[in-house]
Every structure is written in C-alpha cells, then in structure tokens.
Amino acid sequence: MIQVNDLNKIAVVGATINTDKFGNIIVRNLKSKGYDVVPVTPKYEQVEGIPTVKDVSDLPKDVDLIVFVIPPEVGILELEKAYKAGFRKFWFQPGAESDTIVELSRKLSDAEFSFVRCIMVETKARHNA
C-alpha cells in the first residue's frame, strides 16, 4: 500500500482545465494541501496556473507518485510508458482501473499500486501548505 505521508511531488495524468472534471478537482485539491503537483496533459499549456507536462515519459524524475484520472484503455498505455521511464508508484482513481491494469500490476513486483481508494480522501494538508 502506498504511504501518502511520504509524498511531495504528485503527477496527475488526465489533468484538465474543466473545473467539473476530476482531472481538475484533484489538481486543485492536492495543490491546496501543499503538494507539488505536475499536471500531465497534451491538451493544455497550464492547468490551474501550473505548467503542464505533455507526456508521462517527460515527467521529472523526482515525481513520487503518478495519479491516473483517465479511461483504463489509455491508462494502461500510460502506465507502461511511466514504468519504462523508471517510475514505481501508481495510483488509479476509481474508474481509471481495469482488470487488465490490475493483472499487469501483479507482474510488476517492484512497483506499488493503489486501486479503488481516492487520492483526495487519503491525503491530508501538509505542514508547509
């Protein structure tokens, strides 16, 4: 199980400027709690005033966790890219997971995964927030 207390920098794959979607709500929530958030989307230059990264393979190496807020059929491709890029902590928001992703997670024994749990519920405000 991923320990959220040890996290500093969190990437959100599926970040969006649409304030009604979880790809934006999660970015705002984590930012308000004091996390260093990296929005990942090829669609926008910024999300909530934060510069975006276009692809998971372009993420800075100091990202502690990658949160997926995208459909599972896209999520598995992004997971594979992120894993190949050296990342090992992955959080799939409810609805972003699939049986195929869970099956792959069992094969990646050196990586940590979270399924079903919501990152907004599991994280608390940081001291420096």
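In this predicted model, Val13 stands opposite Phe68 in β5. The strands concerned are β1 (residues 9-13) and β5 (residues 65-68), which run parallel and are joined by four bridges.

This pairing belongs to a wider arrangement. Five strands form an open sheet in the order β2-β1-β5-β6-β7, and the pairing is parallel. At the edges lie β2 (36-40) and β7 (112-115), each of which pairs on one side only. From one strand to the next, the twist averages 20°.

Helix α1 lies across β1 and β2 of this sheet. Relative to β1, α1 runs at about 170°.

On the α2 side, the contact is made by Pro72, Gly75, Ile76, Leu79 and Glu80; α3 contributes Thr100, Ile101 and Leu104. By class, this contact has five nonpolar, two polar and one charged residues.

| Pair | Angle |
|---|---|
| α1 and β1 | about 170° |

Attention now turns to the largest pocket. How much space lies in the largest pocket? The volume is about 370 Å³. Its lining comprises 20 residues, and those nearest the centre of the pocket are Gly14, Ala15, Thr41, Lys43 and Ile70. In terms of class, the lining has 10 nonpolar, four polar and six charged residues.

Which helix supplies the largest share of the lining of the largest pocket? That share, three residues, comes from α2. Both α1 (22-32) and α2 (72-84) supply at least two residues each to the lining.

Note on methods. Residues numbered from 1 in each chain as written. Predicted model: local features only at pLDDT ≥ 70, side-chain atom pairs only at ≥ 80, totals over all residues. Heavy atoms only, no water. 1 Å grid on protein atoms, 1.4 Å probe; cavity = no way out; pocket = protein on both sides within 12 Å on 5 of 7 lines; lining within 4 Å. Points joined across faces, edges and corners; volume = space filled by probe spheres on them. Nonpolar A, V, L, I, M, F, W, Y, C, P; charged D, E, K, R; others polar. Contact = heavy atoms within 4.5 Å. Pairing = 2+ DSSP bridges. Axes fitted to C-alpha atoms, helices over the stretch in contact; angles between N-to-C directions.
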